[in-house]
Amino acid sequence: MITNNSGQEQPFFQSKQDTLTTDRRGFLRMMAVGAAGLTLGVNFSSSAVAGAHKGTINSVGEFEPNAFVRISPDNTVYVMMKHLEMGQGSFTGLATLVAEELDADWSQIVAEGAPANTQLYKNLRWGAQGTGGSSAIANSYEQMRYAGAAAKIMLVAAAARKWAVPVEEITVSQGVIQHAASAKKASFGELALLATEQPVPEVADITLKDPKEFQFIGQSLPRKDTGKTNGSAVFTQDVKLEGMLTALVAHPPRFGATLKNFDAAKALQMKGVVDVVAIPSGVAVLAKDFWSANKGREALQISWDESAAMQQSSDELMLEYKAVAEKTGAVARDDGSAANALAGAAQVIEASFEFPYLAHAAMEPMNCISQVTADGCEIWNGEQLQTFDQMAVAQLLGLQQEQVKINMLYAGGSFGRRASTTSDYILESVNIAKQKPGVPVKLVWTREDDTQAGYFRPLCFHKVKAGLDKDGKLLAWQQTIVGQSIMEGSPFAGMVQNGVDATLVEGASTLPYLIPNLYVDTHIVRNPVPVLWWRSVGHTHTAFATEVFFDRLAKAAGQDPVQMRLQLLKDEPRYAGVLKLVAEKAGWGKALPEGHAMGVALHKSFHTYVAQIAEVSLQGKDSFKVEKVFCAVDCGVAVNPDVIRAQMEGGIGFGLSPALVSKITIDKGRVVQSNFHDYQVLRINQMPEVEVHIVPSAEAPTGVGEPGVPPIAPAVANALYALTGQEFDQLPIKMS
């Protein structure tokens with residue numbers, strides 16, 4: 001999910017063998033003959049999910065999930081998606097890879113969410129099933145293509161057998177298999193059953209297409225996560241099961257507080273309320289519907305033990321962070337000798353940056369349905385970390401992992417919230433459901449619940465110092481970063497090494513500029529505020545600190561910000577490529593209207609390179625408007641350009657929220673904000689025009705879900721700096 005501290009990129013796959021092992025053992029060799037047609041993979045019943053996935057029930061009414069490809073007699077090609085679709089376009093991209101090698105017709109492809117099964121559906125970069133780190137396409141690029149290619153080989157073999165013609169004389173195009181000499185043709189569905197009798201090809205015998213032959217990859221195909229504009233798409237909130245109860249939880253008012261006691265009498269008198277139960281995270285009210293559960297929760301009388309609760313405010317925490325930053329921290333990067341170089345520099349420039357807590361504020365609040373029976377536990381959820389949640393639930397209930405069945409539905413956004421390192425709301429749902437054996441329980445967090453009792457992007461403080469020689473050459477860079485660790489105490493704790501949480505320093509410890517003396521250290525501070533990765537994780541604050549500070553260095557050196565960056569990126573052609581492209585498209589240096597200016601920022605995250613130039617205008621003495629954003633992205637092979645553009649546009653809008661309006665503040669251990677009226681996100685009328693340019697590339701594809709976010713806030717701040725000379729050290733940006 002992250003770039004390591006030394007800046008080394010993880011391999012595209014863990015190894016070629018890893019891919020092949022998954023293919024052989026995971027699905028290709030486990031071919032099963034199903035009544036519904038050709039199946040590649042493992043069958044396991046999931047009738048309950050069938051009801052939750054509209055449009056994906058097969059012709060005989062059975063839901064038979066398998067590894068990656070299923071072809072029904074009605075000629076529908078079902079593609080199983082091991083990655084969650086939360087608006088980022090993974091269903092479309094992954095389906096494209098299968099359709100490409102299968103030579104299917106795009107209209108016959110249907111995307112389905114895969115169940116939890118680590119063996120079959122692991123993220124090849126992680127070794128566990130889950131979605132994040134902009135890794136969906138990157139880790140699936142060959143795997144899904146092999147799945148489509150293998151299916152095609154078996155279909156062609158079936159046709160050759162049926163028509164008694166050589167395999168070499170058969171062609172496949174747009175979902176039609178044909179033999180030109182005999183004028184015979186058939187659909188996939190017509191040959192599906194016969195194809196199941198053909199040998200499963202070894203991966204070594206499969207030749208993937210040459211990119212010159214691509215029909216789908218590189219095209220802006222229509223998306224497969226359909227139904228979101230007419231209400232037919234199924235999210236967790238849409239699922240209704242027989243006898244299902246709705247649960248809301250009353251959480252402690254302050255971080256660190258615990259339940260002392262409660263009186264449920266008045267709540268139980270409310271119409272529709274069925275029960276009130278205590279769980280480790282609070283008190284749950286179960287009712288026949290949401291309204292009744294909410295009224296019942298309001299009627300609860302609860303005493304909280306706040307003796308150990310947090311009492312601090314955000315401002316007090318920031319003061320502590322600043323004091324900590326004066327000490328030597330854990331070293332994340334140490335090139336040359338920054339201290340010596342700074343001592344001998346002609347100019348020393350210093351700055352510090354403050355970043356607030358941020359909420360994820362996904363459009364679909366957290367929710368989850370759990371049902372605990374004597375046989376195990378079944379979950380319906382917009383599921384992002386299948387393997388970890390499955391393990392956590394199994395541990396809670398004393399089950400085997402395979403007894404925890406997870407049905408993956410669409411998620412209405414996540415931005416990291418659903419990838420909870422503690423499986424918090426999942427376990428909360430199961431803790432309630434286990435007290436009602438056999439009854440499906442839908443846990444719903446209101447937006448107020450998640451804003452005040454959820455997880456947050458950590459509060460952070462950066463202190464930066466750099467030295468220039470008499471000619472304006474950058475000699476040294478020294479940066480200290482203070483914040484909470486996302487990884488500590490989680491299943492990812494092993495990623496904290498030698499006191500360095502890589503998610504806290506990524507983007508700073510991997511600074512690409514040619515600086516002979518570069519030093520980055522970090523302090524992990526601890527307090528009760530729960531923190532979690534937030535879209536683009538540490539890059540969101542490191543990009544701001546490094547890129548805003550760079551423009552100040554350029555000004556001190558008397559250099560153009562773009563040219564100075566390019567001079568220090570001589571060994572980084574992909575960084576330089578996006579920077580040159582965006583500067584060209586924006587017309588960097590051209591005359592602008594009075595009161596307008598441009599600012600630039602450049603950042604790589606999740607192996608994708610993005611440069612952005614923001615044009616801003618003054619709107620009076622103390623306000624401004626982001627007029628237009630130019631964006632250049634290098635993400636390797638562009639599987640679907642339209643999805644890439646959408647992700648860059650969405651990332652820019654998302655990144656503008658903390659740049660302009662978003663901020664979580666804490667007072668006496670309690671979150672001040674509660675909903676969109678006081679935790680604001682970017683409004684549609686604030687969205688600037690965006691122009692996205694994609695660098696043509698034959699490099700392996702990388703992710704696009706997150707890399708559009710980090711550069712926008714520093715690009716805006718740099719534009720305002722150029723326009724007004726005012727330095728911006730905090731987010732949201734406020735003009736004085």
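1. Two rings of Phe, Tyr or Trp form an aromatic pair if their centres lie within 6.5 Å. The model under discussion is predicted, and the structure holds 15 aromatic pairs. A pair of aromatic rings is described by the distance of the centres and the angle of the planes. The two pairs treated next are described in these terms.

2. Phe-255 and Phe-456 make up an edge-to-face pair, with 6.1 Å from centre to centre and 80° between the planes. This pair connects distant parts of the chain, for its members are 201 residues apart. Phe-255 belongs to the loop between strand E9 (245-250) and strand E10 (258-263), whereas Phe-456 belongs to strand E21 (residues 456-457). Both Phe-255 and Phe-456 are buried.

3. The pair of Phe-415 and Phe-654 is tilted, because the planes of the rings stand at 40°; the centres are 4.5 Å apart. Phe-415 is found in the loop between strand E19 (404-408) and helix H12 (424-433), and Phe-654 in helix H18 (residues 641-660), so this pair ties together parts that are 239 residues apart in sequence. Are the two residues buried or partly exposed? Phe-415 has a relative accessibility of 24% and counts as partly exposed. Phe-654 has a relative accessible area of 13% and is buried, because buried means under 20%.

4. Aromatic residues also gather in a group. Which residues form one aromatic cluster? The members are Phe-91, Phe-235 and Tyr-410.

5. The note now turns to charged side chains. How many salt bridges does a search of the whole structure find? The search finds 29 salt bridges. Three of them are described in the points that follow.

6. Glu-112 and Arg-70 meet through their side chains in a salt bridge, at 3.5 Å from N to O. Glu-112 is in strand E5 (residues 109-113) and Arg-70 is in strand E3 (residues 69-71); the two residues are 42 residues apart, and the pair links distant parts of the chain. Glu-112 is buried, with a relative accessible area of 0%. Arg-70 also counts as buried, at 1% relative accessibility.

7. In the salt bridge of Glu-85 with Arg-223, the closest N and O atoms are 3.7 Å apart. The pair links distant parts of the chain, 138 residues apart: Glu-85 sits in the loop between strand E4 (77-81) and helix H3 (90-102), and Arg-223 in the loop between helix H6 (188-195) and E9. Glu-85 counts as buried, at 0% relative accessibility, whereas Arg-223 is partly exposed, with a relative accessible area of 28%. Glu-85 and Arg-223 also belong to a network of salt bridges, in which they are linked with Asp-225 and Lys-228.

8. A salt bridge at 2.7 Å, N to O, brings together the side chains of Arg-526 and Glu-488. Arg-526 lies in the loop between strand E26 (517-525) and helix H15 (539-557), and Glu-488 in the loop between strand E23 (474-484) and strand E24 (496-497); this pair links distant parts of the chain, 38 residues apart. Arg-526 is exposed, with a relative accessible area of 62%. Glu-488 is partly exposed, with a relative accessible area of 33%.

9. Which residues gather in a patch of negative charge on the surface? They are Asp-315, Glu-316, Glu-320 and Asp-667. Helix H9 (residues 314-324) supplies the largest share of this negative patch, namely three residues. Asp-315 is located in helix H9. Why does Asp-315 count as exposed? Its relative accessible area is 59%, and exposed means over 50%.

10. Two separations across the model may also be noted. Gly-705 is placed in the loop between strand E32 (689-694) and helix H19 (712-724) and is buried, with a relative accessible area of 17%. The C-alpha atoms of Gly-705 and Ala-299 are separated by 42 Å, and these residues are 406 residues apart along the chain. Gln-452 is placed in helix H13 (residues 447-453) and counts as partly exposed, at 35% relative accessibility. Between the C-alpha atoms of Gln-452 and Lys-590 the separation is 46 Å, and these residues are 138 residues apart along the chain.

Terms used: Residues numbered from 1 in each chain as written. Predicted model: local features only at pLDDT ≥ 70, side-chain atom pairs only at ≥ 80, totals over all residues. Heavy atoms only, no water. Patch = residues over 30% accessible without salt bridge, like charges linked within 9 Å, V, L, I, M, F, W, Y side chains within 5 Å. Areas by Shrake-Rupley, 256 points an atom, 1.4 Å probe, with all protein chains shown as cover. Salt bridge = Lys/Arg side-chain N within 4 Å of Asp/Glu carboxyl O. Lys, Arg positive; Asp, Glu negative; His and termini not counted. Charge placed at Lys NZ, Arg CZ, Asp CG, Glu CD. Helix = DSSP H or I, 4+ residues; strand = E, 2+ residues; numbered from the N terminus. Buried < 20%, exposed > 50% of the residue type's maximum accessible area, 1.4 Å probe, protein only. Phe/Tyr/Trp six-rings, centres within 6.5 Å; stacked < 30°, edge-to-face > 60°.
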